[in-house]
Amino acid sequence: MLSYQAARAKVIEVICARHCAPPPPTETIEFADEPARVLGRIVAEEVRADRNYPPFNRSTRDGFALRAADAAQAGAKLRLIGESRAGVPFEGVVEPGTCVQIMTGAPLPRGANSIVMNEYARIEGEYVVMLEAAREGAHFVLEGQETRIGESVIARGTRLSYAELAIAGQVGRSQLVVAKKPRVAILSTGDELVDVDQSPKRYQIRNSNNVSLAAQVSLSGGEPMMLGIAPDNLAELRAQIELALDADIVALTGGVSVGKYDLVEQVLREMGAEFFFDSVAIRPGKPAVFGFCGDKPVFGLPGNPVSTMVTCELFVVPAIELLSGHKPHPLKLLKAKLAHPLNEKPPLAHFLPARVSWPEGEPVVEAIHWEGSGDIGSVVKGNCFLVVHAEKQVYSAGEMADVLPRRGLF
Ligand code: AMP
Ligand code: MG
């Protein structure tokens, strides 16, 4: 049985081999009125500076622009000949023995090579006394010092967050070419399932997995395609999976254990799927299945809701990221100090519902009591999963442990 690391690496390896050579399809999105339209998307072009940044020698302080040699010592007294403010430059030249009042963001006047801050200067009539020595190059940024014209400011493959959108705005871009979102078909299987807006009979269960999966797909940059519920019967299951294969990725839940009515793997096999794993050494989520049906990656996730969440994060999310032009990366785990000892059973790795908090500034993690992989409420009480690796299952309180943050929370 593969470790979760090996299984995740397998997903990445197989998808890269089959999908990453031609770059993903792209679309151009206009976002000036509504930046949220491109937030989180992956850029599919190299965005370049349209001019030098800053476009002129820009003051970074309120103060006085001068020739540094004129105030080599504190106490120099220079004649004030004008001002330069943001948007309205001083047009003259700073000659020896003179200075110009300057504001943050204003162009440094010609002749000047230093700025003395307001706090270290005193105006006396037509003169300014510098209370400290000026330093050449102080308190301004030279034209082009941040970015040269034509230089890349956002690399292809970058996920767009607010800083990327700010720089796109700075270089005059109100539209960007981004990778299309991969469509992820979401289909839950099980005769006990009813839609969430139905009143279940006592022995029925509302289909919460489609909801959590769709949310995880959206949060990781995919476009969920909601296909509802398939019953535990070969013909109907096959018909629904055939519809699902219209998407770029298929995520099925339920029906992958070894019960009499766990038919997903059988149906996929009959449809000619090739499997890369059908179990992973984790709890929750052990019966997770990954294969290809034709040219589409297909995931069979165990139906217990917490298993579905964990296996989606571990295996489906990397597929979504790769198909949207994101580069592969290791699972992003954080470290936090354990609030209590741990003693899990080998040989599986565990993903326990847990909560990270920062009581004294440092992250501390605490597992949440749970009744196993059907217990969604335990996940809701937390904000992460505590990762107990197969290699080390016994921890004392105060040891550092790995934490998988719940997507979208931090
Ligand atoms: P299965 O993986 O089909 O054996 O299902 C395992 C458990 O998860 C059973 O208790 C199911 O009722 C429950 N389950 C399966 N699918 C869903 C779903 N879509 N939403 C909520 N619970 C589910
Ligand atoms: Mg089932």
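Does Arg37 count as buried, partly exposed or exposed, and what is the relative accessibility of Arg37? In this predicted model, Arg37 counts as partly exposed, at 38% relative accessibility.

## Salt bridges

Arg37 is one member of a charged pair: the side chain of Arg37 meets the side chain of Glu34 in a salt bridge, with 3.4 Å from N to O. In total, the count for the model comes to 16 salt bridges.

Two further examples may be examined. Glu83 forms a salt bridge with Arg85, and their closest N and O atoms are 3.6 Å apart. Arg85 has a relative accessibility of 41% and therefore counts as partly exposed. Glu83, at 38% relative accessibility, is likewise placed in the partly exposed class. In another salt bridge, the side chains of Lys335 and Asp402 meet at 2.8 Å, N to O.

## The surroundings of ligand 1

Ligand 1 is surrounded by 17 residues. The closest of these residues are Ser188, Glu192, Asn207, Gly255 and Gly303. When the shell around ligand 1 is divided by class, it holds 10 polar residues, four nonpolar residues and three charged residues.

Several contacts involve nitrogen atoms of ligand 1. Ser188 takes part through its side chain, where an N or O atom is 3.0 Å from a nitrogen atom of the ligand. Ser208 takes part through its backbone: a polar backbone atom of this residue is 3.2 Å from a nitrogen atom of ligand 1. For Asn209, a polar backbone atom is 3.3 Å from a nitrogen atom of ligand 1. On its own, ligand 1 has 480 Å² of accessible area, and the protein covers 79% of that area.

Which residues line the largest cavity? The lining consists of Gly40, Arg41, Ile42, Arg159, Ala179, Lys180, Lys181, Gly221 and Ser324. By class, these lining residues comprise four charged, three polar and two nonpolar residues. Among the charged residues of the lining are Arg41, Arg159, Lys180 and Lys181, whereas Ile42 and Ala179 count as nonpolar.

Terms used:
Residues numbered from 1 in each chain as written. Chains lettered and ligands numbered in written order. Predicted model: local features only at pLDDT ≥ 70, side-chain atom pairs only at ≥ 80, totals over all residues. Heavy atoms only, no water. Near = heavy atom within 4 Å. Polar contact = N/O pair within 3.5 Å; in protein donor to acceptor, adjacent residues only side chain to side chain. Areas by Shrake-Rupley, 256 points an atom, 1.4 Å probe, with all protein chains shown as cover. 1 Å grid on protein atoms, 1.4 Å probe; cavity = no way out; pocket = protein on both sides within 12 Å on 5 of 7 lines; lining within 4 Å. Salt bridge = Lys/Arg side-chain N within 4 Å of Asp/Glu carboxyl O. Buried < 20%, exposed > 50% of the residue type's maximum accessible area, 1.4 Å probe, protein only.
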